[in-house]
Structure formats: C-alpha cells, structure tokens
Amino acid sequence: KYYLHSDGRANGLQSTGKLTMTCPHDEPADQYLYDPAHPFQTIRLLSNEWFEDQTERENRQDLLLYTSEPFDKPKVLCGPVYLRLYAETTAVDTDFACRLLLMDPQGKAWHLQGNLIRARYRHGKTSEPITPGRIYEYTLLVGNVAREIPAGYALRIEVLSSLEPVAKRHSNLANPMGPEIQMAIQRIFHDEQHPSSLHLPVLS
C-alpha cells in the first residue's frame, strides 16, 4: 500500500506529489479544474503510443501526479492494481481516472495501465447519485499488471477525470454524454481521515 502525499501542489510536471508507505496525517487536499471541452488524451489501445514517453502529456494543470522513490531492488507486480481515492466534486456526477506509469532513471514515463470510475456507480452497477461538495470514497481498478520493476525505476500515478479516446468525456451533468457541459472542481484528499492509497500486487 502506497499512500498519496503532497503539500497541495500536485498539478502537472511541477508536482510535489509523492507515493510512500507512510500514512498521511495533516496534509492539504489537491485540486484541479476539469473542463469537458478539453479532455485529457490518453494513449489509444492499438497504437505505437504505448512505446512513447508520456511526460509531454502530463504538462497540464488538470492532472495530479504522485511518484514513488526509485526502488533499491527489483519488484515483481502480478495481479490487479487498485486506487482507493477520497474525492469531492462540485458536479452532480463526474469521472475519476487513474493512469499507472513506470518511471525510468532518465525521467521518462511509460504507460502500464489506466482506467476510470463514474461517481454514481462507485458501488457497482446500481446508480447512486452523489451530493456536490461531499467527500466520497472510490475504489478504482486501475488494471491488471504482470511486470518486473527494475532497481532504479519508480512508479507514478496520474489522477484526472478523462481518458479520451478510450472513454468518452463526462459532461459533469446528469446526462454524462450529452452536448451540454459544465466545468467542475475536483478535490483529492490524503490525510489521516482520508488516506488515499495505491494498492500494488507485489510478489515476495
């Protein structure tokens, strides 16, 4: 379990966000403005973008970055990766997304997995509306991995609200795919009462 940390400035490539095994205490929340008119463009499923450095895509303020320290010895990941997220939105419904990336010693980022969760379906297939301004807990399956992480490499997650073209952008309204859109402020919490964390399937 790797906990999310920052001093409230985890946005974009200037992020102070970290992933550590230390539980957070009194830390400010991170926030970003999600505009459905300008969704994040993730890699397409069948393309050479899988083999491209992803850091250029991260130079935007509507994306939060949390990065671990480089591993001092290899780690083998095998199984599902989950993100336990405590989040608040100003919208009546929205998406929260996560991408898992491998960071090499030169600072390049390589995509491993990515997925999203719709707020109203946070407990499964039954629609449960949310209240804007209220903190909810989300368990997001980022994806399944089977990979050895070499010594000197690190892991990074991006927390955001869109993964086009893999998933159509959410409008932040009751009709998620409708033509009308609304911007929303998304707040991600990582403190003692809301310990957002990344759960990794590490083999011994």
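Thr67 stands opposite Arg156 in strand S9, where strands are DSSP runs of E, at least two residues long, numbered from the N terminus. The strand that S9 meets here is S4 (residues 64–68), and four bridges join the two in an antiparallel arrangement; two strands count as paired if DSSP finds at least two bridges between them. This is a predicted model, in which local features need pLDDT of at least 70, side-chain atom pairs count only at pLDDT 80 or more, and totals for chains, interfaces and linings use all residues. Residues are numbered from 1 along each chain as its sequence is written, and side-chain values use heavy atoms, with hydrogens and water left out.

S9 (residues 154–160) also pairs with strand S6 (residues 95–103), again in the antiparallel sense, over seven bridges. In this pairing, Met103 has Ala154 of S9 as its bridge partner. Seven of the seven residues of S9 are buried, that is, under 20% relative accessible area, against over 50% for exposed and in between for partly exposed (1.4 Å probe, protein chains only). Ala154, Arg156, Glu158 and Leu160 point one way from S9, while Leu155, Ile157 and Val159 point the other way.

S3 pairs with strand S10 (residues 184–189) through five bridges in the antiparallel sense. Within S10, Ile185 is the bridge partner of Leu33.
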